[in-house]
Amino acid sequence: MNKRTAFQTGLVDAIPIMLGYFAVGFSLGIAAKNAGLNSLQGFFISFFCNASAGEYVAFTVIAAHATYLEMVIATLITNARYFLMSASLAQRLDANTSLFHRLLIAYDVTDELFGIGIAKIHTYGPFYMYGAYSVALPGWAFGTMFGVIAGNILPTHIVTALGVALYGMFLAVIIPATKKDHIVRYVVIVSFIASWLWDQFLPSDSTKTIILTLLISTLAACLFPRKETS
């Protein structure tokens with residue numbers, strides 16, 4: 001497959017994703033502003049960590065004045081699923097694809113980009129993903145930057161309303177999954193209750209996310225293991 005054709009195909013396919021990322025990035029920009037970051041810092045955080053949940057955790061850790069180690073652990077746990085996605089994409093590549101290309105593809109794997117990549121990377125190769133990244137990643141980064149700028153110039157009540165949009169996005173992610181799978185539904189309910197109980201009886205800091213994520217996910221995996229499918 002011609003590299004230029006593959007790149008252009010990925011770019012076109014990712015335009016709808018870019019529009020969605022700009023909106024999500026804008027909401028993340030409000031969170032970044034509330035954590036005390038400026039627009040340039042928000043831009044580079046989104047550019048190098050293209051993950052909504054991971055960034056939100058990072059902004060929460062920053063706002064709590066936690067340590068660098070806590071931030072690394074929290075974001076690593078939150079974004080751990082991308083290791084699996086990257087490995088899955090790498091398996092769809094031609095066997096002669098270099099390690100450099102495999103690592104570069106893993107740099108910007110997200111849920112949506114994985115979705116289009118897993119269907120077409122075998123046909124188009126790594127340059128398909130590079131085309132998708134070239135439009136999706138700037139949309140995310142510039143969305144965050146403009147979100148920070150808006151947070152600095154808009155009235156407080158509007159900024160507060162825009163900040164709620166991020167929680168709406170997370171609900172949009174978990175609600176469809178809870179409708180399809182009763183185990184996921186139970187895990188979400190337990191997570192809400194555990195988080196509330198923690199805030200009631202223990203100091204609320206960045207370690208809450210790390211501990212509860214590890215504990216609840218491990219228990220769910222042990223109690224409700226999934227059978228492998230071909």
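Visitor: Where does Pro-138 lie?
Guide: Pro-138 lies in helix H9, where helices (H or I, at least four residues) and strands (E, at least two) are DSSP runs numbered from the N terminus. This is a predicted model, in which local features need pLDDT of at least 70 and side-chain atom pairs count only at pLDDT 80 or more, while totals for chains, interfaces and linings use all residues. Residues are numbered from 1 along each chain as its sequence is written, and side-chain values use heavy atoms, with hydrogens and water left out.

Visitor: Is Pro-138 buried, exposed or partly exposed?
Guide: Pro-138 is partly exposed, because its relative accessible area is 26%; buried means under 20%, exposed means over 50%, and partly exposed is in between, with a 1.4 Å probe and protein chains only.

Visitor: And what is Pro-138 in contact with?
Guide: Once neighbours within four places in sequence are set aside, Pro-138 is in contact with Tyr-133 and Gly-143, contact meaning heavy atoms within 4.5 Å.

Visitor: Let's step back. How many helices and strands are there in the protein?
Guide: The protein has 12 helices and zero strands. Its radius of gyration is 19 Å, close to the 17 Å that the globule rule gives for 230 residues, so the protein is as compact as a globular protein of that length. That radius is taken over C-alpha atoms, and the rule is 2.2 Å times the number of residues to the power 0.38.

Visitor: What percentage of the residues count as buried?
Guide: Of the 230 residues, 37% count as buried.

Visitor: Which residues of the largest nonpolar core touch the most other members?
Guide: In this core of 31 residues, those are Phe-59, Leu-89, Ile-105, Val-109, Leu-113, Ile-116 and Met-129. Helices H2 (15-34), H6 (81-92), H8 (111-124) and H9 (126-153) are the elements that give two or more residues to this core, and H9 gives the most, with nine. A nonpolar core here is a set of buried Ala, Val, Leu, Ile, Met, Phe, Trp, Tyr and Cys residues joined through side-chain atoms within 4.5 Å.

Visitor: Which residues does Leu-113 touch?
Guide: Not counting residues up to four places away in sequence, Leu-113 touches Ala-14, Ile-17, Tyr-21, Asp-108, Met-129, Ala-132, Tyr-133 and Ala-136.

Visitor: Changing topic, why does Asn-50 count as buried?
Guide: Asn-50 counts as buried because its relative accessibility is 7%. Its place is in the loop between helix H3 (39-48) and helix H4 (52-63).

Visitor: What does the side chain of Asn-50 make a polar contact with?
Guide: The side chain of Asn-50 makes that contact with the side chain of Asp-108, at 2.8 Å. A polar contact is a pair of N or O atoms within 3.5 Å; within protein, one must be able to donate a hydrogen and the other to accept it, and residues adjacent in sequence count only if both atoms are side-chain atoms.

Visitor: What about His-65, is it buried or exposed?
Guide: His-65 is exposed, with a relative accessible area of 73%, and its place is in the loop between H4 and H5. His-65 also has a positive phi of about 60 degrees although it is not a glycine. Most residues other than glycine have a negative phi.

Visitor: Last one: what do the buried residues of H12 pack against?
Guide: The buried residues of H12 pack against helix H5 (68-78) and helix H11 (182-201). Those buried residues are Lys-208, Ile-210, Leu-212, Ile-216 and Ala-220.
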